[in-house]
Each structure stands twice: as structure tokens, then as C-alpha cells.
Amino acid sequence: MRLPDLRPWAALLLADSALLWLLQGPLEALLPRGLPGLWLEGILRLGGLWWLLRLGGLLGYVRTLLCPLCLVIPFFLSLRALVPGALSAPPARVASAPWSWLLLGSGAAGLSWAVWAVLSPPGAQEKKEDQENNRALMWRLLKLSWPDWPFLAAAFFFLVLAVLGETLIPYYSGLVIDILGGDFDPDAFVSAILFMSLFSVGSSLSAGCRGSAFTLVMSRINLRVREQLFSSLLHQDLAFFQETKTGELNSRLSSDTKLMSLWLPLNANVLLRSLVKVLGLFGFMLSLSPRLTLLSLLQMPLTIAAEKVYNARHLKNALKVHPCG
């Protein structure tokens, strides 16, 4: 029976102990007090462990464990601060905390890492290796899209405006319903209707400008990729065209270049739209009810785990119905 490789875990333990000693001694005076200091300490700890393990070539073994290990205690204490009347005072620093807090953080990180590994579908490691190989292609495409950065910046600007409008419209709609359901105030009602109309019109116009800017970026990237590909084909020798089929070249010039041009605008659109929407919604939830925000955050791990199980099961059944090859 082959024993597991303990070098990554030993290196993680030694590096974490060294960083905690530094954060407790020489670097303690540089950190502010309270929750900001806890988060800054966790970020410094995460960055230090990431750099040391990457320098030793052992980062790939414990990469998914670093974030929960370093940030679980600041995250837990931030959530607990939202609950009034919470018992026991939190530690001023993780580095100077009792062993019970360190064991709690390590146990929670190890449990989350084990659950994530169990819920990962078969072949997840191969998918990670494919993602590593695709990073070079991603950076090449980003460099290819660099001349279009003014149009991308304009698209991002209108996207933020559109998402902020979409986030504020339900708030003012609820405000109108509250005014109609309680003591009617004509001035507040007119003000709420006016703001709701302004945000609706502004969100629609911003969404249209966002779509136009992203369409322009996709067209420019598509033309640039086709031009470079066609220029590269013109510099090939005759043997290349004798070995390569004409249909394959046409497919590269038509469908593949179109897929490449769609990658950056579509992914950037979805990423930024989701990010702004999540920040806006959770900002409203924190201002209205911190306890409901805490409840929604606690259900997120369960939702992610259920989604992973469902996706793995769905993929397995799909392969049984439509086997590959």
C-alpha cells in the first residue's frame, strides 16, 4: 500500500507557523484593530502561504485549502458581528488566538476541502489540467483584444449603470407598494414613482448602449483574428495546402474565429453583471436586515454542494444516454 505524500502538508504547517509567528511579533503593530485587522491578517497569511508553497513547487497539492484555512475565522467573526448579543469576545488576532480558535479554523478548512473533494465529479483533476493549459491561450486572446480597451471600458461603464438600475428598480417598486399599503403620502409617492421611472429609462438606455458596445468589440476582434489568420495562411508554403483540407481552412476562418471573438465580451459581460448585482443586492440586504443576510450566506455552501451533486449526476446520466465516441 502506497503511503500518501506528506511533504505538502508538512510544508503548509511549517510555513503557516512561521507566518503566524511573524504576524504575532514583528508585524503585529502594522495591523489595525477589529475586523479590518483580522481580514488584513488573513489576506497577508493567504498571500504568504501562496508564495512560499508556489516557490517550493507544492502549491498544486493544497491550493484549494488555502482560502478556507486563512479566511474562515475572519468570515465567521464578520458574520457573528451581525448578530446582536453574541457571546464571548473574538480574538484580536488569529496569530495570538488560543489553540481552540486555530483548531476550529483548521478543522473547518479541512472539512470543507474534504467535502469539496468528495463532491467533485470523476475526471475533475483532468479538467483542472486542461484549464491550466488553456491559460496561455486566454492571455494571448487578451493581448489580441488590447486595442479595443476604450470600447470595452465604455461597455463596462454602461453595464454597471444598467445593473445598478436593475437593482434599484425593485427597491423603489417595494417603496411604492409600502406607501400605498400604509398612510398615503402624496409627495413620497410622486418621488418614488419619479425615481423608479428614471432608473427604468436609464437602465434600458444603458443596456442598449452596453449591447452595442459589446457587439462592436466582438466585430472588431473577429475582423482582427480573421485578418491575422488569413495573413498567416498566405505565408504558408504549397505543401501546407496539399496536406490541409480546404473545408478545414474555411472552418477556421468562419466558425473558429467567431467563437474566439465571442469569448471575451460574453464572459466579461456575465462576470461583471453578476458581480455588480451581487454586491448591490447584498448591500441592500445588509442595510435592511443583517440577520436575513446572514441566513442567505449560510445557505450558500449547501446550494453549491447540491449543485455539484446534481451536475455530476446529470452528466453521468447524459453519458449513459448519449455515450461519447
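Analyst: Start with the contacts of the whole chain. Among contacts between residues at least 6 apart in sequence, 74% join residues at least 24 apart. This is a predicted model. The chain has ten helices and zero strands. Read from the N terminus, the elements run α-α-α-α-α-α-α-α-α-α. Of the 325 residues in the chain, 26% are buried.

Now the part to look at: helix 6. This helix covers residues 149-181 and has 33 residues. At 1.5 Å a residue, helix 6 should span 48 Å. The end C-alpha atoms of helix 6 are 48 Å apart, so the two values agree.

An unreviewed UniProt entry lists residues 149-172 as a "transmembrane region". In the model, residues 149-172 are 100% helix and 0% strand. The end C-alpha atoms of that stretch lie 35 Å apart. Residues 192-217 are also 100% helix and 0% strand, with end C-alpha atoms 37 Å apart.

Which residues of helix 6 are buried? They are L152, A155, L159, A162, V163, G165, T167, Y172, V176 and I179. An α-helix has 3.6 residues a turn, so residues three or four places apart point the same way. What covers the buried residues of helix 6 includes helix 7 (186-234) and helix 9 (246-288).

Follow helix 9 onward. Its axis and that of helix 10 (residues 290-321) come within 6 Å and cross at roughly 135 degrees. That angle makes helix 9 oblique to helix 10. By class, their contact has eight nonpolar, two polar and no charged residues. On the helix 9 side are F282, M285, L286 and L288. On the helix 10 side they meet P290, L292, T293, S296, L297 and M300.

One more site, in another helix, deserves a look. R45 is found in helix 2 (residues 35-55). Is R45 buried or exposed? R45 is buried, because its relative accessible area is 6%, and buried means under 20%. What does R45 touch, leaving aside neighbours within four places in sequence? R45 is in contact with D16, L19, L20, L23, L69, C70 and V94.

Note on methods
Residues numbered from 1 in each chain as written. Predicted model: local features only at pLDDT ≥ 70, side-chain atom pairs only at ≥ 80, totals over all residues. Heavy atoms only, no water. UniProt positions renumbered as here; feature names shortened; annotations may be inferred. Helix = DSSP H or I, 4+ residues; strand = E, 2+ residues; numbered from the N terminus. Expected span 1.5 Å × (residues − 1). Buried < 20%, exposed > 50% of the residue type's maximum accessible area, 1.4 Å probe, protein only. Contact = heavy atoms within 4.5 Å. Axes fitted to C-alpha atoms, helices over the stretch in contact; angles between N-to-C directions. Parallel < 35°, antiparallel > 145°, perpendicular 65-115°, else oblique. Nonpolar A, V, L, I, M, F, W, Y, C, P; charged D, E, K, R; others polar.
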